[in-house]
Amino acid sequence: MRLTRFSDIGLRVLIYLERAGERPHPVTVAEIATQFDIPLNHLVKVVGHLARAGWVRAMRGRNGGLRLAADPQLLTVGQVLRELEGDEELVDCEGTKCGLSLDCQLRGALQAGMRAFYAEMDRYTLARMTEGGTGEQIVRMHKMFWSGAGGTA
């Protein structure tokens with residue numbers, strides 16, 4: 001299994017926003033695009049999805065930007081991935097003509113693997129993902145952006 005770039009970006013956005021809580025100004029989409037070298041148009045789609053899920057609050061206007069709307073102690077990586085990746089079957093057994101469909105063990109094994117994957121991802125909260133060195137690096141990224149040419153505080 002491989003995560004899509006959409007989910008990868010979504011997780012990075014949430015992690016970045018989790019450590020922006022103390023900042024007086026919200027995080028901009030342009031800031032995230034710069035920090036992670038993500039195309040702006042793709043990032044806007046991801047942020048829109050995160051906002052519709054209720055995890056990001058997007059504010060328009062001159063002082064607008066993004067804030068984390070979810071509780072990082074409760075939001076799990078599993079929840080995020082289910083929303084962004086979906087929890088559909090890994091193999092589309094209904095959409096193919098397969099001679100094994102009447103007595104196939106693979107479909108059940110893949111479903112069990114998916115359940116185990118999401119169960120494991122549910123053990124990790126957004127807050128846990130920003131502990132230690134990761135969180136410290138994010139704080140440094142925030143400071144570097146605003147002390148450099150990127151921010152206009």
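Predicted model: local features only at pLDDT ≥ 70, side-chain atom pairs only at ≥ 80, totals over all residues.
Where is Asp37 found?

1. Asp37 is located in the loop between helix H2 (29-36) and helix H3 (40-52). Its backbone deserves a remark: phi of Asp37 is near 55 degrees, a positive value in a residue that is not glycine. As for solvent exposure, Asp37 has a relative accessibility of 67% and therefore counts as exposed, the cut-off for that class being over 50%.

2. The aromatic pairs, counted with ring centres within 6.5 Å, come to two. In one of them, the ring centres of Tyr16 and Phe36 are 5.6 Å apart and the planes stand at 80 degrees, so this pair is edge-to-face.

3. Is Tyr16 buried or exposed? Tyr16 counts as buried because its relative accessibility is 0%.

4. A further pair is formed by Phe117 and Tyr118, whose ring centres lie 5.3 Å apart. Their planes are at 65 degrees, so this pair is edge-to-face, given that the class requires an angle over 60 degrees.

5. The accessibilities of Phe117 and Tyr118 may be set side by side. Phe117, at 24% relative accessibility, counts as partly exposed, whereas Tyr118 is buried, with a relative accessible area of 3%. The dividing value between these classes is 20%.

Conventions:
Residues numbered from 1 in each chain as written. Heavy atoms only, no water. Helix = DSSP H or I, 4+ residues; strand = E, 2+ residues; numbered from the N terminus. Buried < 20%, exposed > 50% of the residue type's maximum accessible area, 1.4 Å probe, protein only. Phe/Tyr/Trp six-rings, centres within 6.5 Å; stacked < 30°, edge-to-face > 60°.
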